[in-house]
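Keep the sequence and the coordinates side by side.

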Amino acid sequence: MTDQIKTPVALVIFRRPDLTAMVLDTVRAVKPPELYVIADGPRADKPGEAEACAAARAVIDTVDWDCRVHRHYSDTNLGCGNRPASGFDWLFDQVDSAIILEDDCIPHHSFFGYCEELLGRYRDDERVMHISGCTYRAEPWGIDDSYFFSRYPACWGWATWARAWKHYEFHCEDWPRLKETAFLEGVIGEPAVEAYWANWFDESNVTDPLLHTWDYQWAFACWANSGLAVCPRHNLVCNVGTGEGATHTTSNHTGTMALPTYEMPLPLRHPKNVLHDIDLDRRYVSELLLPEATGLPTAGRRGVQSTLTKLLPGSVKRRVKQLIR
């Protein structure tokens, strides 16, 4: 049984009540004293979406532990870029740190204690800007410590501080200047991947309020401020949001969806130094970012349904299979 945590938890929801209920069940197990809920509004041209959004919001009304629930619900559709970004601005105007989950990210129960311990340990360390819960890979990294320091802030289950989020800019205002330098080469060091990310930053550096991303801009904020991300030695969060109802992850071509999760023993085994692990990040680029940039599948791709046998209890497993069929 997971111990109760003291850190606020934030949920980003939209129109998937079944998935929202599953994620809320994982939060219920740790009973945070405060829950912040960020919800987008329905699109007028999508029949039935208003009802689906209302059903997802109704799930939040089932919170049954001693908890202050803060709701930031949009009446109109802001999009899956601006809605999370503006919601996180609201969140970090009120708290100094938070654990964040989207409605399709199912964490291992040890994810919460892992985040809480690290949020305390690096609270005042400006070098560390992000705590990742997912690894985007099925197999654990071959390291003895509980985590390492990466340049890549994975956002399927994560945590951060207000002191880090203050650097976030939705339109990457400093990108035109940095684009003319060796900025990306210094971060990535792989031309195809650099071109891929440059394209995303070009897209972000416009005034369109309906940009469909927020996390590329967060990576930019971390990179532009020499920030490090904590990466766990093995995956702690499973994204089950592929297929119908998804916006970006409509397929599993990179093999990163529905990966198994593992127990993270606590207390954590910490690295001796706060240093970027260059060797592991090179592997990260070659195993994940290069296939993503080129459209090729990753090595060791796992079937979505087969990995669920290692992850979820039977009743939940059947519901997920129906949702991602």
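Phe148 stands opposite Cys231 in strand 9. Strand 7 and strand 9 (residues 228–232) run antiparallel and are joined by four bridges. Strands here pair if DSSP finds at least two bridges between them. Helices (H or I, at least four residues) and strands (E, at least two) are DSSP runs, numbered from the N terminus.

Some ground rules come next. This is a predicted model, in which local features need pLDDT of at least 70 and side-chain atom pairs count only at pLDDT 80 or more, while totals for chains, interfaces and linings use all residues. Residues are numbered from 1 along each chain as its sequence is written, and side-chain values use heavy atoms, with hydrogens and water left out.

Now widen the view. The protein holds 12 helices and 10 strands. Eight strands form an open sheet with mixed pairing, in the order 3-2-1-4-8-6-9-7. Strand 3 and strand 7 (147–150) are at the edges, and each has a single partner strand, so one side of each lacks a neighbour in the sheet. On average, neighbouring strands of this sheet are turned by 25 degrees against each other, direction ignored. Axes are lines fitted to C-alpha atoms, for helices over the stretch in contact, and angles run from 0 to 180 degrees between N-to-C directions.

Helix 9 (residues 215–224) packs on this sheet. Helix 9 touches strand 6 (128–132) and strand 8 (158–161), and its direction makes about 140 degrees with that of strand 6. Contact means heavy atoms within 4.5 Å.

Which way do the partners of strand 6 run? Strand 6 is parallel to strand 9, with three bridges. Strand 6 is antiparallel to strand 8, with two bridges. Ile131 shows both pairings: it stands opposite Val230 in strand 9 and opposite Ala159 in strand 8. Five of the five residues of strand 6 are buried, so the strand is largely enclosed by the rest of the structure. Buried means under 20% relative accessible area, exposed over 50%, and partly exposed in between (1.4 Å probe, protein chains only).

Strand 2 (residues 34–39) and strand 3 (residues 68–73) run parallel, joined by six bridges. Tyr36 stands opposite His70 in strand 3. Strand 2, helix 2 (residues 49–60) and strand 3 make a right-handed β-α-β unit. Right-handed means that, with the strands pointing away from the viewer, the path from the first strand over the helix to the second runs clockwise.

Helix 3 (residues 79–92) is mostly covered, with 10 of its 14 residues buried. Among them are Arg83, Phe88, Trp90 and Phe92. The buried residues of helix 3 pack against strand 1 (9–13), strand 2, strand 3, strand 4 (97–102), strand 8 and helix 5 (162–165). Helix 3 reaches 20 Å from its first C-alpha to its last, close to the 20 Å expected at 1.5 Å a residue. That expected span is 1.5 Å times one less than the number of residues.

**Loops and cysteines**

Several loops deserve a look. A cis peptide bond joins Leu266 and Pro267, with omega about 0 degrees. Pro267 sits in the loop between strand 10 (237–239) and helix 10 (278–294). Lys31, not a glycine, has a positive phi of about 50 degrees. Lys31 lies in the loop between helix 1 (17–28) and strand 2, and counts as partly exposed at 32% relative accessibility. Tyr136 also has a positive phi, near 60 degrees. Tyr136 lies in the loop between strand 6 and strand 7, and is buried at 18% relative accessible area.

His171 is in the loop between helix 5 and helix 6 (175–179). The C-alpha atoms of His171 and Val206 are separated by 6.2 Å, though these residues are 35 apart along the chain. Beyond residues up to four places away in sequence, His171 touches Ser204, Asn205, Val206, Thr207, Asp208 and Leu211.

Return to Cys231. How many disulfides does the structure hold? It holds zero, a disulfide being a pair of cysteine sulfur atoms within 2.5 Å. The sulfur of Cys231 is 7.9 Å from the closest cysteine sulfur, in Cys134, too far for a bond. Cys231 is buried, with a relative accessible area of 5%.
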